[in-house]
Structure formats: structure tokens, C-alpha cells
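User: Hello! I am new to this structure and would like to learn how to read its features. Could you take me through them step by step?
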Amino acid sequence: MPHFGLFLKRALGMAALGLTLAVPGLAQAQQAPANTLDAVRARGQLICGVNTGLAGFAQPDSQGVWRGFDVDYCRAISAAIFGDPNKVRYVPTTAQVRFTALQSGEVDVLARNTTWTLSRDTALGLDFAATNFYDGQGFMVKTALGVKSAKELEGATICVQPGTTTEQNLSDWARANRIRFTPVVIERLEELVAAFVAGRCDAYTTDVSGLAATRSAQPKPDDYLILPEVISKEPLAVGVRQGDARFADIVRWTHYLLLSAEEFGITQANLDRMANDPRPEVQRMLGKNGELGKMLGLDNLWAVNVLKAVGNYGEVFDRSLKPIGIQRGPNALWTTTGGLQYSPPFR
Amino acid sequence: MSQTTIDPRSLRAPPRRPLRLSWSDERVRAIVWQILVVGIVGAIVWWLWSNTVHNLEVRRIATGFGFLGREAGLPIAENLIPYSPTDTYFRALLIGLLNTLKVAIVGIVLATIFGTLIGIARLSKNWLLSKIAGVYIEVIRDLPLLLQLLFWYAILQGLPGPRQALHPVGGVFLSNRGLKLPWIEWQDAHSYALLAFALGALFTWFYRRDAIRKRILDGKPRPVWPVALGCLLVLPVAIWAAAGAPWTVDWPELRGFNFRGGLNMSPEYFALLLGLTTYTAGFIAEIVRAGILAVPHGQWEAAQALGLRSGQVLKQVVLPQALRVIIPPMTSQYLNITKNSSLAVAIGYQDIVSIANTTLNQTGQAIEGIAIIMLVYLSISLSISLFMNWYNARIALVER
């Protein structure tokens, strides 16, 4: 019964939050906000909050090994800190428990399709370190329904996950377009998708990447149609606890490293050769020159470890998201194809 | 001359002693200990509270209940009172509370009726009936409730879509969007009639009490039913007719994707109600059986020997005694239904837990959100307990 585990986990998460906030001794044991890096080092493990199972982003494979785009970010951060991408414990979090899990110290970093918004950035006690995927909210329907545009959804029943920006965007969009709908809100993604597939809802709404992932996981993907409208901006970002600038820097620059590596053509395969590349920024990045790694509080060869483990941003993207039919689109590099992904200089 | 003699010993007061400020005085010791214990508990609570507030500040997590006045922006499928996503979190939580009450109250009524029938069936002399009831009780009590809820929900999802909806009688549609029934368009006249019915019920109750009291005095039977008929049926209908007898039926109709109009029972609500009712009915059946078996067989025989009919035996002799045994455990079952309704989140029924969870997720104020959930369940449970305790005291045998 995975559900009991889920409820138990939620209950424990809430209890842990209550306890850590109430009892200072425990709070220290669970890492005070200011020194996540030390706590991770002392523990010998990074605890990464990921999705409960979303194809392409975070999902255990047949061997039980977590794989996906967000999982690769956990592996990259682990490689940056320990020089080893496998020192990660993955904690699957639902949309509703994820922030509590981060606040209470149950996880160190949240790489879980989380949209960066102002209220989350301020009132929730967390910081968004880096936008690793630019997304937008869309709708998916069954092809048999005969709907070609989201504007035709007047009166429809729509499946949506609670506690998400998706839920709020949906009601904003419906109000703006004078569309009446009946929501069906189920917390567990698996249950929600099952309800949609069973025909409980006419449409299913979430980020377009999530729709593509769900569609590709169906036995007959062609029975489902993703509608052309994208109704929101969803910058999916990696979150850390607020007030720990050093740890946030590590997460942020790990992301920039993946981008810069793609920009300079450094891949998992040619990494050894690139170590002798004469370009000054590549030399600084890979720790040949300067002390950029030490400035982050890491090993000076952190970049080599990260790229050896996961490759550059393009490789991470192609490994997980290309197979489920997601195009680079806005996630292309700004420097080469005018996308939104852009790294400040390694200097 | 007094009617009863009072034992003079019971009138004697214990000797009064002045309070001595000494450790050897029992009362001084008691007071000191009590102050100490209250002080320690108070200090612990204060310490936990101040640390929580401090840590929340350090982590820059917003606190307080100010969020209740902000726009919620969350869509809710089922609401008893008008609601739109532009309303406040407070109203959204109120909708959640009403949804919880809607399933808990209906669940309690249905589980009581259903459970009592099963409990009586279990005692039936009909072999098949008693065995079926026995198997039902054993199976339903042994499976986790969450599993049963998911089972019912999966079954309801397996119904055909709205365009192929089952259509047994005119105006009734059963599909995976729920059960649609025709319903009258509610107008003021209906509200007045309902009010008249409520007042009529109150009056009937007082009349019945008075009739019984007078009958005890003079032995003359005074039938209650003509008054009941007048108050409960004739008066409301007359008022409704006087207000113009509005009668517009709102027929459900397939328009676009879904049915419009009529009364809707969503699969989520139906699955939750079905799961809670059948599960709790299993327990209630056993409580009812135990209660009836607790009345000694001699009581039945004695009542029959007095010439009471079998209905009278049950109503006047057995049930009052059985209820004494039934009511206290029944209270626990009612509390269980209320609390188990929080499993609604698993199947997407938006009860107070579901909405408070979403709220605390959007505002990040987990402690306040959990406090609201606890307050709600505590209030409902205490109300049920108080009512049941009052009822229990009322029906208890008067012992001398």
C-alpha cells in the first residue's frame, strides 16, 4: 500500500516541521539553515527531493535506480560536493509536501518541477537557485473528444493536481476566458492520471513537459492530444532553504556549469581532451587555472567531476527529455540559438 | 413530621482546621505540588511556543492568520454555498468544512440505519440472512478503509462517459461524472414551506410530550397523528400553495461535455460516502447485535407474559435496555466516521483536509493550516461527544 506510506510520510513531515521549529536541539541536528553544505558533508550524503514519478524528470527505472532530468541535477550537485554523483538519497515528494519537506530539513535541495513564483520565493522560506527548465501550462485531451483548442473547453471537467501553480493558473485562465469548468483535484499524480485516462475528466492540465511525459507513458500515445495553447509561464527551478547563500551558490553555479560546458562544446566524452583546451575561460572552469572551485567552497576540480558524471546541459536534456518528445524550444542556449538558457561568465 | 428519616451522620461536617503554613499540613503540600506542576507544564508550552516563533522568524517563514483574508484562487468542485476562486481562503476553508460535515452527517445517518439492519439480520432465525450478514461484517471490517475507498472510486470511474450515460428512468443519468437527478428550482416559497415544516416538527414534539404527560395523569389516550399530519404536511403545503405553488423541475441535460442542471452527486462524494457507510455499518452491526443480546431472554418472556405485542416488546422493553449498551460504543463509531472522512484526499473529494492542505501549500503556513484542521475536527468531535453523552444520560436507567 503505497498510500499509507504517503500519508505516514506527510504526517511525519508535518510532525518533523513542528518539532524542528519547536525544539532547537533537534533543529540543529536537522541542520540549521545557514550551513547546509557542512551538514551534507558530515552526513556523507545529499538528500534530494524529487517527483514521486514523472517520466523524463524523475522516475526509478526497472532496477530501482532513479533517472531523469531533475535526478541528473541531484547527481551533478552530489558530484560537485563529493566528487561522486551517487552519494544522493532521493526523497519522492508530492506537490503538497515538497515545501514542507524542504523547510523542515527533510531534504537539502528540491529538484522537483517547481515553478518559481514571488510568493513562494518570499513567504515559503525557500530560495530558487536556478531555473533548469522553462515550461508553460497546457492541456491534454483524448483525441476522440474532438477538441482542437483549449477555448473549446467550456463546461468541461478538468483534472488538476492540488497545491500547484497549475491549479491557480487554471482558475485565472478560466475567469479571463469566461470558461466554466468542474475541477477534479487528486494529490497523487498516478491517481490523477488514472482518473483522466478512465474518462473522469475531459482534460488534464499541467506543465506541457509533464503532459508530454504522461502522454509518452500511455500504451497508445496517439489517443491523446496536447492542445496548442500555453496559458502560463512556468520557470521550473531548483529550490534550497532560504538564508543559505553559500549552498544556493553551489546549486546555481552547478547549473551554470552545465550551460557553459555546452556553450564551449565540453561533453562527457571529450572532457579529458578539453582539459588541455587553451581558451582561458575553459581553463578557469575546469580548474586548470584560478581557484573558482575553492571560492564556492568546493574542490577545485568540481567542474570536472560534475561533467564526468552527467555531461553538459544538452546531454542531460537529450538523455531524459528528448526520448519523451520534448523539444529544446525556450531551453536552447541563448548564445547559440537564442533560447533562454544563459550562463554568467566563469571568471 | 418529616416523611423520611435522615441519617444524622450525613449531616455532620468535617471539623474545620485553619491553614497552617507548614510542610506538615496536607493541604499546603497539595497546593504547592499543584502550583509546581502547572508551572512546569506552562513553562514547557511557553518554551515550545517561543522557540517555534523564533525559528519561523529565522527561516523567514510567514506566520499568523492574515492569509485567511487573501484571495484563494483555488477551484472547488462541490460547494453547498456559493463560491468562486476569487473568494478568500477563509471562505474556501468554510466550503471544506461544509463538505466534511456533508459527508460525515449523511454518513452517520446511513451507517446507523444500514448497520442496525445488518445487526438485526445477523440475529435472524433465517439461516441464509444471518450468514450473509456475518460474512459482510467479517469482510468489511477486515479490509483497510483506504483500500475500500479506492475500490469504490475505481468502480465508479469504470462507468460509461457522459455521452453514453446509463439512463434507467427519465431525467436520471449515471455516468463517470456522477449521478444526475432532476431537482426543483429552489425559490422563496420552498424556503417558507421548509421553515413551516421545521416549526411544525417542533410543535408536534411539544404536543406529543404534553399528550404523554396528560395520559399519565388521566389514562386517556390522545392520538398525536392528526396534529402531526396538520403540522408536518398540511401547513407547509398550504404555505407553499399560498405563495403561488411554484413547481419548476430542473432536468439534467447533456450540453457540451457534461450534464447541466439538476442535482449532482459526484463520484468522489459517492465513493467516499459509500466507503464510509459500508465500513462503519459493519462495526455498528456488531454493536447493535451485542446490545440486543445483552438484554436477558427473561425480559422478552416477561414482556410477552404481560400481553404486549412483539412490536411493543421491542419498543418498550428491549430497545430501551439495549440502547444503554449501544450508545457509548456508537459514539466512537460516529467519531470514526467524521475522522475517517479525511481520507477523502486520496480520491479527490475536497473536504477540509484537502483544502487546508492546498492552502498551507500555497501560503507555506503549515503550522497554521494544521492548527485549523485540528480545530475543526476537535470541534466536530466534541460536539458529537457532548450530544451523545447527553443522550446517553437521558436514556440511562434511573437507578436508586
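User: Where shall we begin, and how close do the axes of helix 2 and helix 3 of chain B come?

Analyst: Let us start with that pair. The axes of helix 2 (residues 89–122) and helix 3 (residues 127–142) of chain B come within 7 Å and cross at roughly 125°. Because of that angle, helix 2 of chain B is oblique to helix 3 of chain B. Angles under 35 degrees count as roughly parallel, over 145 as roughly antiparallel, 65 to 115 as roughly perpendicular, and the rest as oblique. Axes are lines fitted to C-alpha atoms, for helices over the stretch in contact, and angles run from 0 to 180 degrees between N-to-C directions. Helices (H or I, at least four residues) and strands (E, at least two) are DSSP runs, numbered from the N terminus.

A word on the source: this is a predicted model, in which local features need pLDDT of at least 70 and side-chain atom pairs count only at pLDDT 80 or more, while totals for chains, interfaces and linings use all residues. Residues are numbered from 1 along each chain as its sequence is written, and chains are lettered from A and ligands numbered from 1 in the order in which they are written.

User: What is the hand of the crossing of helix 2 and helix 3 of chain B, and which residues meet there?

Analyst: A crossing is left-handed if the near helix is turned anticlockwise from the far one by less than a right angle, and right-handed if clockwise. Here the crossing of helix 2 and helix 3 of chain B is left-handed. Helix 2 of chain B brings Ile118(B), Ala121(B) and Arg122(B), which meet Leu129(B), Ser130(B), Ala133(B), Gly134(B), Tyr136(B) and Ile137(B) of helix 3 of chain B. Two residues are in contact if their C-beta atoms, placed from the backbone, lie within 7 Å. By class, this contact of helix 2 with helix 3 of chain B has six nonpolar, two polar and one charged residues. Ala, Val, Leu, Ile, Met, Phe, Trp, Tyr, Cys and Pro count as nonpolar, Asp, Glu, Lys and Arg as charged, and the others, Gly among them, as polar.

User: How do helix 8 and helix 9 of chain B cross?

Analyst: Helix 8 (residues 297–305) and helix 9 (residues 310–340) of chain B have axes that come within 10 Å and cross at roughly 155°. Helix 8 of chain B is therefore roughly antiparallel to helix 9 of chain B. Their crossing is right-handed. Gln299(B), Trp300(B), Ala303(B) and Gln304(B) of helix 8 of chain B make the contact with Val313(B), Val317(B), Val318(B) and Gln321(B) of helix 9 of chain B. Five nonpolar, three polar and no charged residues take part in the contact of helix 8 with helix 9 of chain B.

User: How many residues of chain A are in contact with chain B?

Analyst: As a general idea, interface size is often given as the accessible area lost when the parts come together. Counted by residues, 43 of chain A are in contact with 40 of chain B. Helix 1 (2–22) of chain A is among the elements that give two or more residues to this side. Seven residues, the largest share of the side of chain A that touches chain B, come from helix 1 of chain A. That side divides into 21 nonpolar, 15 polar and seven charged residues.
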